[in-house]
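Q: Could you take me on a close look at one strand in this model and the strands beside it? I'd like to know what it pairs with and how it sits in the rest of the chain.

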Amino acid sequence: MSDNDDTRFSTEHLGHDFARRLADLEASTSADEQAAIAALPSGSALLIVRRGPTVGARFLLDIALTVAGRHPDAEIFLDDVTVSRRHAEIVRDGVTFTIRDLDSLNGTYLDGERTPQGVLSDGSEIQIGKYRMTFYPSRHDIPTGS
């Protein structure tokens, strides 16, 4: 066997299709989660942890300002050193939700892109440190045809 034929040291490359299928699995919702999302009143939303130390945890967004961070008083308490004490905030304005990074060390990611702020939409992925969460607004607030 020549060096060119030796597969012991080859690297497998996983394509975009594999990454998409993995993301679909992580974003899929259980029947219980679907029921919780369906029960959300207008003007509220739900974050569900998809990856991180507390997979499956749910955070209700129903106030004007929600802080996520490692500080015990944060409305969304994320207990990991990859999370700043006051990492990000989610602001509700009517039925619109935005996320804003609070000058955290590791940044805040929205749909895979590091961002200082952004508007959340149905299915948006938020990453704060090790935590990846999916955003689900009230079904009453999604425009027809979306």
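A: Happy to. Let's start with leucine 46, which stands opposite leucine 60 in strand β2. This is a predicted model, so please read each detail below as part of a prediction.

The strand to look at is β1, residues 45–51, and its partner β2 covers residues 58–61. The two run antiparallel and are joined by four bridges. Together β1 and β2 make a hairpin, with six residues lying between them. In that turn you will find glycine 52, whose phi is positive, at about 130°.

Now turn to the other partner, strand β11, made up of residues 131–137. Here, too, the strands run antiparallel, and six bridges join β11 to β1.

How does β1 sit in the fold? Six of its seven residues are buried, so the strand is largely enclosed by the rest of the structure. Buried here means a relative accessible area under 20%. For the chain as a whole, buried residues come to 36% of the 146 residues. The chain exposes about 9,000 Å², and carbon and sulfur atoms supply 51% of that area.

The chain has two helices and 11 strands, and along the sequence they follow the pattern α-α-β-β-β-β-β-β-β-β-β-β-β. Among contacts with a separation of 6 or more, 39% are between residues 24 or more positions apart.

Elsewhere in the chain, five strands form an open sheet of mixed pairing, in the order β4-β3-β5-β6-β9. Its edge strands are β4 (76–77) and β9 (117–119), each of which pairs on one side only. Strand β3, residues 65–69, pairs with β4 in the parallel sense over two bridges, and isoleucine 76 in β4 is the bridge partner of alanine 68.

Glycine 112 is exposed, with a relative accessible area of 51%. Between glycine 112 and isoleucine 126 there are 14 residues of sequence separation, and their C-alpha atoms are 7.8 Å apart in space.

Notes:
Residues are numbered from 1 along each chain as its sequence is written. This is a predicted model: local features need pLDDT of at least 70, side-chain atom pairs count only at pLDDT 80 or more; totals for chains, interfaces and linings use all residues. Side-chain values use heavy atoms; hydrogens and water are left out. Buried means under 20% relative accessible area, exposed over 50%, partly exposed in between (1.4 Å probe, protein chains only). Two strands pair if DSSP finds at least two bridges between them. Contact means heavy atoms within 4.5 Å. Accessible areas come from the Shrake-Rupley method with a 1.4 Å probe; for residues, only the protein chains shown count as cover.
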